[in-house]
Amino acid sequence: MNLFQETGKYFLLMKRVFVQPDRSKMFFRQFPKELDKLGLQSLPIVLIISVFIGAIMTIQTKLNTENPLLPTYSTGLVTRDTLLLEFSSTIMCLILAGKVGSNIASEIGTMRITEQIDALEIMGVNSANYLILPKIVAFVVMMPFLVIFSMAVGLIGGYLVGVFSDVITVADYLLGIQYAFNPFYVFYAMVKSLVFAFIISSVSSYYGYYAYGGALEVGKASTNAVVNSSILILFFNLLITNVMLG
Amino acid sequence: MIEVKNIIKTFDGVPALQDISAVFETGKVNMIIGQSGSGKTVLMKCIIGLHQIDSGCIEYDGRNLPKMKPQEILMLRREVGMLFQGAALFDSMTVLENVMYPLEMFAHESKEEIRERAYFCLRRVNLEERSYDLYPSEISGGMQKRVGIARAIALRPKYLFCDEPNSGLDPLTSMIIDDLIYEITHEFNITTIINSHDMNSVMEIGEKIIYIEKGVKAWEGTKDEIFDAENESFNNFVFASKLFKQLKMLKQNPY
């Protein structure tokens, strides 16, 4: 199937997804479950990765900027801006594309091959709306919180370097992360996180929904979901950055 | 009653169903039989509307499915119950929740009434109350089929479709499921269509039988007419089993 057909099929699916749910109470029953599954259950991995990356970024930045002409706060400043502009909003989303994307694609794909989606259709339920809408809405709602959490924990990681090593002093680091702070960067990161959350949840749902065959195809759908979500994230990252910061 | 007239269905130019016409009567167990790959599942999926036909007509009590608007198809589907080959129960829901699901979606009843109806359906398929809170993965294949039947009849359907209801079940459980489908069909006056290649089921509960071969309706009749059928391919299919061969011999030479 060529790119145009795939894109058309994706938009037709989204047309079926974004309609009034058959029963609102069923949507609101699914929604908190998805908030928990896609959002809250992603917190540990976000915590672990962010704290380590924050710490590593601080050490590497310090090692690469050991120049007496550069102010001592530059390490904190660079760490902060890198976390805000790129790591927490893009790299973290790429990581979550792996975790959440494969989860969504394999769950919906398994429902497809075990005829659970057919069962919904036979009942007269709009299966795309019932299965996919709560996932997209829940993940779009949760993603900004995950990104903010990642930013905060990443900065704490850098702070811990100051506390437990002599790479940088705590005072220099704290000065750096507060110096010339531009709140627009947070807004920019939030915009990216919302777009990326939509891409991850909708693209993964698409690949799961149209899975066919057996377990092998569900695995393929899951892989395609992660790969294509990641490519789209990188593409939209460039686009949004060009529009908002270019 | 469901009537199909001159159905043609192709996949990428390859014919799957060729000019099939049949009547599936109300209050009877209608069976579509045939070898694997003969087109019986395609026929059933066409009748339900999961596959779009190339030409022909599918009438549910006079309502032509291919000409219906999407909203009308949704309304029709609420009159349809289906038991899938693998039961297709929702993994994330318990047995009780599975049966309550269609009611919660479409029945305009109170929560208590919905629960009562779900209990009634589960009791009707002889499931013990202690299994109601279990998940599908925690119950046997036969129990899953029973839950599937309970879910299918929850909305009081006019039409019941069963796709190979006995596959993967032992002979005794198969018989129980067959009997259950037969009883429910007659008790609630449902138009039931079963897709099967199990001749035991056909002889047990089949009231009207349609034999499909290579996408063509090759034979049609009742179970009493099976032994007198003169279609060679149908005879090969039926009498592939030694038991049926012996039965035929017995019928021809009773003494």
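This is a predicted model: local features need pLDDT of at least 70, side-chain atom pairs count only at pLDDT 80 or more; totals for chains, interfaces and linings use all residues.
Tutor: Residues are numbered from 1 along each chain as its sequence is written, chains are lettered from A and ligands numbered from 1 in the order in which they are written, and side-chain values use heavy atoms, with hydrogens and water left out.

Student: What does A:D118 touch?

Tutor: Contact means heavy atoms within 4.5 Å. Leaving out residues up to four places away in sequence, A:D118 touches A:R112, B:K45, B:L50 and B:F84.

Student: And why does B:D133 get its label, buried or exposed?

Tutor: B:D133 has 57% relative accessibility, so it counts as exposed.

Student: How many cavities are there, and what makes something a cavity?

Tutor: On a 1 Å grid over the protein atoms alone, a cavity is a set of points where a 1.4 Å probe fits but cannot get out; lining residues have an atom within 4 Å of a point. Grid points are joined across faces, edges and corners, and a volume is the space filled by probe spheres set on the points. With 30 Å³ or more required, the count is 2 cavities.

Student: How does the lining of the largest cavity divide?

Tutor: Ala, Val, Leu, Ile, Met, Phe, Trp, Tyr, Cys and Pro count as nonpolar, Asp, Glu, Lys and Arg as charged, and the others, Gly among them, as polar. That gives 9 nonpolar, 1 polar and 2 charged in the largest cavity's lining. Its residues include A:I122, B:G81 and B:R151.

Student: Why are β2 and β5 of chain B said to stand at the edges?

Tutor: Strands are DSSP runs (E, at least two residues), numbered from the N terminus, and two strands pair if DSSP finds at least two bridges between them. In chain B, 4 strands form an open antiparallel sheet in the order β2-β1-β4-β5. β2 (14–24) and β5 (63–64) of chain B each have a single partner strand, so one side of each is left without a neighbour in the sheet.

Student: How do you know that β1 and β4 of chain B pair?

Tutor: 5 bridges join those two antiparallel strands, and at least two are needed.

Technical notes
On a 1 Å grid over the protein atoms alone, a cavity is a set of points where a 1.4 Å probe fits but cannot get out, and a pocket is an open set with protein on both sides within 12 Å along at least five of seven lines; lining residues have an atom within 4 Å of a point. Buried means under 20% relative accessible area, exposed over 50%, partly exposed in between (1.4 Å probe, protein chains only).
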